[in-house]
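Please read the briefing below alongside the sequence and the coordinates. It takes helix packing, salt bridges, surface and backbone in turn.

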Amino acid sequence: MALHNSTRSISISIEATIATIEFGHPASNSFPSSLLHELTQTIETVGHHPEVVVVVLKSQGAAAFCAGASFEELQAITNEIEGKAFFSGFAHLINAMRKCPKIIVGRVQGKTVGGGVGIAAACDYVLATQEANIKLSELAIGIGPFVIEPAVSRKIGKTALAELSLAAGEWKSAAWAKEKGLYANTFETIEKLDDALSILTRQLASYNPEALAEMKKVLWDGTSHWDTLLLDRAAITGTLVLSEVTKKALAAFKK
């Protein structure tokens, strides 16, 4: 099954009991709100597919994994309602990932920024290449990584979050991300990454699905309040994006 048009796409393939969801966008696999919504719905659907045991989440191409929110849509926000609605897209996606009863394995083949880091953090297990550097650049444009913060902090802790988010213009290496717990392992090439991914997912698929579902609950224990927390954070970000500081920063960034 595939959902696509000329500017974005989501595809799903199911082999045996392993479902692979691939998202893509020409702008470094960034997310306009419509694509966020489609990916959220896709994860919800696949999560309840009776034949699926494990889900792989990946992006198109061999370059960036995800460039975060759509820059064009950020600039187009004109009021708090639009702002909250846009950032709620990431809130709904992360909540769908944490509530998905299947284990989600992330395949991160390249650099990832902002919301993309949140998506990686919301995966239950992540394999990446050694080129998969990360950056949280939100403070540099006058907002902050507030919606994705709970997912990122859950993986790397508050101290590492501060190091990552306050140095908003600085890339952190894939080795750093592995050391802090965002990545389970890193590989020299995409080919080696995919080999390891195949071995891992086949192994996971051989386990008792009921045991995996219970393990998923354990991994996300204590996060039920995220249904409201992430939407509250979306409202905060949706207000900040309207500030003069942010508007100037976005205009300068575009230039």
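Predicted model: local features only at pLDDT ≥ 70, side-chain atom pairs only at ≥ 80, totals over all residues.

A search of the whole structure finds 12 salt bridges, one of which joins the side chains of Lys99 and Asp227. Helix H3, which spans residues 80-99, packs with helix H1 and also has an axis that comes within 9 Å of that of helix H4.

**Helix packing**

- Two packed helices are described by the angle between their axes and the distance between the axes.
- Helix H1, covering residues 33-47, packs with H3 at an angle of about 15°, and the two axes are 9 Å apart; because angles under 35 degrees count as roughly parallel, H1 and H3 are roughly parallel to each other.
- The axes of H3 and of helix H4, residues 115-122, come within 9 Å and cross at roughly 15°, and H3 and H4 are therefore roughly parallel to each other as well.
- The handedness is assigned for each pair: H1 passes H3 in a left-handed crossing, whereas H3 passes H4 in a right-handed crossing.

- Side chains of opposite charge can pair when their charged atoms come close.
- The side chains of Lys99 and Asp227 meet at 3.1 Å, N to O, and this pair links distant parts of the chain, with Lys99 in helix H3 and Asp227 in helix H9 (residues 226-240), 128 residues apart.
- Both partners count as partly exposed, Lys99 because its relative accessibility is 49% and Asp227 because its relative accessibility is 34%.
- Arg98 joins Lys99 and Asp227 in a network of salt bridges.
- Glu149 and Lys158 form a salt bridge through their side chains at 2.6 Å, N to O; Glu149 is buried because its relative accessible area is 9%, whereas Lys158 is exposed because its relative accessible area is 55%.
- Glu163 and Lys172 are likewise joined by a salt bridge between their side chains, at 3.3 Å, N to O; here the lysine, Lys172, is buried, with a relative accessible area of 8%, while Glu163 is partly exposed at 33%.

**Nonpolar surface patch**

- Met215, Val218 and Leu219 form a nonpolar patch on the surface, and together they have about 260 Å² of accessible area.
- Leu219, one of the residues in this patch, is found in helix H8, which covers residues 209-219.
- The relative accessibility of Leu219 is 34%, so this residue counts as partly exposed, the class that lies between the cut-offs of under 20% for buried and over 50% for exposed.

**Backbone angles in loops**

- Most residues other than glycine have a negative phi, and most peptide bonds are trans.
- Ala16 has a positive phi, near 60°, and its place is in the loop between strand E2 (9-15) and strand E3 (18-24); with 66% relative accessibility, Ala16 counts as exposed.
- Asn29 also has a positive phi, near 55°, and lies in the loop between E3 and H1; in contrast to the exposed Ala16, Asn29 is buried, with a relative accessible area of 5%.

**Buried positions and distances**

- Gly68 is found in the loop between strand E4 (54-59) and helix H2 (71-76), and because its relative accessibility is 0%, Gly68 counts as buried.
- Gly68 and Leu35 are 33 residues apart along the chain, and their C-alpha atoms are separated by 12 Å.
- Trp176 has its place in helix H6, residues 174-180, and counts as buried because its relative accessibility is 10%.

Definitions and conventions. Residues numbered from 1 in each chain as written. Heavy atoms only, no water. Patch = residues over 30% accessible without salt bridge, like charges linked within 9 Å, V, L, I, M, F, W, Y side chains within 5 Å. Areas by Shrake-Rupley, 256 points an atom, 1.4 Å probe, with all protein chains shown as cover. Salt bridge = Lys/Arg side-chain N within 4 Å of Asp/Glu carboxyl O. Helix = DSSP H or I, 4+ residues; strand = E, 2+ residues; numbered from the N terminus. Buried < 20%, exposed > 50% of the residue type's maximum accessible area, 1.4 Å probe, protein only. Axes fitted to C-alpha atoms, helices over the stretch in contact; angles between N-to-C directions. Parallel < 35°, antiparallel > 145°, perpendicular 65-115°, else oblique. Left-handed = near helix turned anticlockwise from the far one by under 90°.
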